[in-house]
Amino acid sequence: MSTVRLSTTSYVVLGMIALRGPSTSYDLKRAIGRSVGYFWNFPHAQLYSEPKRLEEAGLLELDEEDSGRRRKTFSITEAGRKALREWMAEPVNEHFELRDVAEIKLFFSELAGPDDVARLAKEQVEQHERRIAEYEEMQRRFGHIEEVAGRMITLELGLGMEYAALEFWRRVRERAARGEFTTEKRSTQD
């Protein structure tokens, strides 16, 4: 096995294949879109390039069909399982990362037009309500299935964060309705 630097995406690919078994890049894209993709976003193109890189490093094994669609199916190797176990055992010393464009827009609200913050808050309330409904439906559909119960714990955190964000944006909406964000300030360099 060659020495290769592994990213979080590498470990997501290894972990997903370890959980679900042999997978094509398309299988990974679908599985991640219905699970980890809710809280860890990355370009889907990586799900096509990363397995090949991991195969070259000896962490995945490739089985390519000889005819037909010539699907490439990847399986985790013992070296891949070892790398995944070592990563899982490492402490996480990184601060929780929140990347929210709406929050950036709110930060600059004093430069916005009179109705911009109210519109932003309304849209965010609606988005968080939809996500909560989606998460609660997932809980209802899959929460009782023993095989996925351990993975469902992340849904609890997701719901808690969505409820907190919903409450926050409802308060912003109320403040906007009271006119607290209506003054448009300009930069001193205008």
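Helices (H or I, at least four residues) and strands (E, at least two) are taken here as DSSP runs, numbered from the N terminus. With that convention, R70 falls in the loop between β1 (60-64) and β2 (72-76).

Colleagues, a word on the source. The model is predicted, so that local features need pLDDT of at least 70 and side-chain atom pairs count only at pLDDT 80 or more, while totals for chains, interfaces and linings use all residues. Residues are numbered from 1 along each chain as its sequence is written, and side-chain values use heavy atoms, with hydrogens and water left out.

Let me stay with R70 for a moment. Its phi is near 55°, a positive value in a residue other than glycine. Most residues other than glycine have a negative phi. At 43% relative accessibility, R70 is partly exposed; buried means under 20% relative accessible area, exposed over 50%, and partly exposed in between, with a 1.4 Å probe and protein chains only.

I turn now to the annotated regions. An unreviewed UniProt entry gives "domain: Transcription regulator PadR N-terminal" for residues 13-86. UniProt positions are given in the numbering used here, feature names are shortened, and annotations may be inferred rather than shown by experiment. In the model, residues 13-86 are 50% helix and 14% strand, with the end C-alpha atoms 15 Å apart. The UniProt record, again unreviewed, also places "domain: Transcription regulator PadR C-terminal" at residues 99-174. That span is 74% helix and 0% strand, and its end C-alpha atoms lie 24 Å apart.

Next, the helix packing. How do α1 and α2 cross? The axes of α1 (residues 8-20) and α2 come within 11 Å and cross at roughly 95°. Axes are lines fitted to C-alpha atoms, for helices over the stretch in contact, and angles run from 0 to 180 degrees between N-to-C directions. Helix α1 is therefore roughly perpendicular to α2, since angles of 65 to 115 degrees count as roughly perpendicular, those under 35 as roughly parallel, those over 145 as roughly antiparallel and the rest as oblique. On the α1 side, V12, V13, M16, I17 and R20 meet D27, L28, A31 and I32 of α2, where contact means heavy atoms within 4.5 Å. By class, this contact has seven nonpolar, no polar and two charged residues. Here Ala, Val, Leu, Ile, Met, Phe, Trp, Tyr, Cys and Pro count as nonpolar, Asp, Glu, Lys and Arg as charged, and the others, Gly among them, as polar.

Helix α2 (residues 25-33) also meets α3 (residues 46-56): their axes come within 9 Å and cross at roughly 125°. Helix α2 is therefore oblique to α3. S25, Y26, L28, K29 and I32 of α2 make the contact with L47, Y48 and P51 of α3. This contact has six nonpolar, one polar and one charged residues.

Is S109 buried or exposed? With a relative accessible area of 10%, S109 is buried. S109 lies in the loop between α5 (101-107) and α6 (116-142), and, leaving aside neighbours within four places in sequence, is in contact with V117 and F181. L111 is found in the loop between α5 and α6, but at 41% relative accessibility L111 is partly exposed. The C-alpha atoms of L111 and L166, 55 residues apart along the chain, are separated by 24 Å. H128, in helix α6, is buried at 13% relative accessible area. Not counting residues up to four places away in sequence, H128 touches E162, A165, L166 and W169.
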